[in-house]
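Good morning, and thank you for joining this group meeting. I would ask you to look at the sequence and the structure now on the screen.

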Amino acid sequence: MLDKYACLRKLFSLRRDEIVVTTMSVAAPWARLSDGPLDFAMVESSMGQAPAFGLGLALARPERRVIVLNGDGSTLMCLGTLVTMAQNPADNLILVIVENGTYEVTGNQPIPGAGLVDFETLARGAGLAHVHTIEDAGDFDACLPLHFKGPGPRVFTWKVRGAEEPVPKPRAYIRQRALELRQALGQ
Ligand SMILES: [Mg+2]
């Protein structure tokens with residue numbers, strides 16, 4: 001099992017100008033590492049939509065890498081997005097499924113299929129070819145550079161230990177953060 005916080009620190013250490021979209025139990029810990037215009041906390045919005053949002057960004061801005069840090073419960077809410085990602089492959093899109101087995105920010109209720117569902121199999125079944133499951137720190141260090149490389153889209157499942165992050169509270173409303181992202185992208 002991985003430590004979510006250690007994984008985020010390592011990802012941050014290699015991050016340059018990638019857009020990083022965060023959700024739920026990852027949003028606050030990532031914001032403590034980086035909270036600029038290219039860090040988009042996909043909260044106060046429909047749960048599960050972050051991979052579709054990231055795909056749209058990646059298709060619209062092929063010169064930019066987009067890293068979406070999604071949850072396991074969030075991924076289950078919009079499983080069809082995996083199919084859309086395969087149908088419209090974006091070389092510059094990375095989806096990380098942070099698998100802790102629970103809806104962490106609302107009190108760690110188990111997700112449907114906790115311990116049964118295999119996200120790598122789901123992603124491959126959707127037609128995605130570059131899929132990785134990471135279970136320990138050694139695997140994580142070996143796979144870390146792939147989080148910044150094509151060919152994409154790539155999907156990683158980080159199998160993390162449980163934690164107790166509360167509901168994230170971004171520094172500004174989503175409308176303001178969306179405006180800042182657009183400005184940072186020169187639009
Ligand atoms: Mg979860």
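Helix H2 (24-33) gives four residues, the largest share, to the lining of the largest pocket. Here a helix is a DSSP run of H or I with at least four residues, a strand is a run of E with at least two, and both are numbered from the N terminus. This is a predicted model, in which local features need pLDDT of at least 70, side-chain atom pairs count only at pLDDT 80 or more, and totals for chains, interfaces and linings use all residues. Residues are numbered from 1 along each chain as its sequence is written, and side-chain values use heavy atoms, with hydrogens and water left out.

A pocket is an open set of points on a 1 Å grid over the protein atoms alone, where a 1.4 Å probe fits, with protein on both sides within 12 Å along at least five of seven lines; lining residues have an atom within 4 Å of a point. In the largest pocket there are 18 lining residues, and Ala27, Ala28, Ala31, Lys169 and Pro170 lie nearest its centre.

Let us turn to helix H8. Which of its residues are buried? They are Arg177, Glu180 and Leu181, where buried means under 20% relative accessible area and exposed over 50%, with a 1.4 Å probe and protein chains only. Seen down the axis of H8, these residues fall within an arc of 100°, taken from the directions from the axis to the C-beta atoms, so they line one face of the helix. On the other side, Arg175, Arg182 and Gln183 are exposed.
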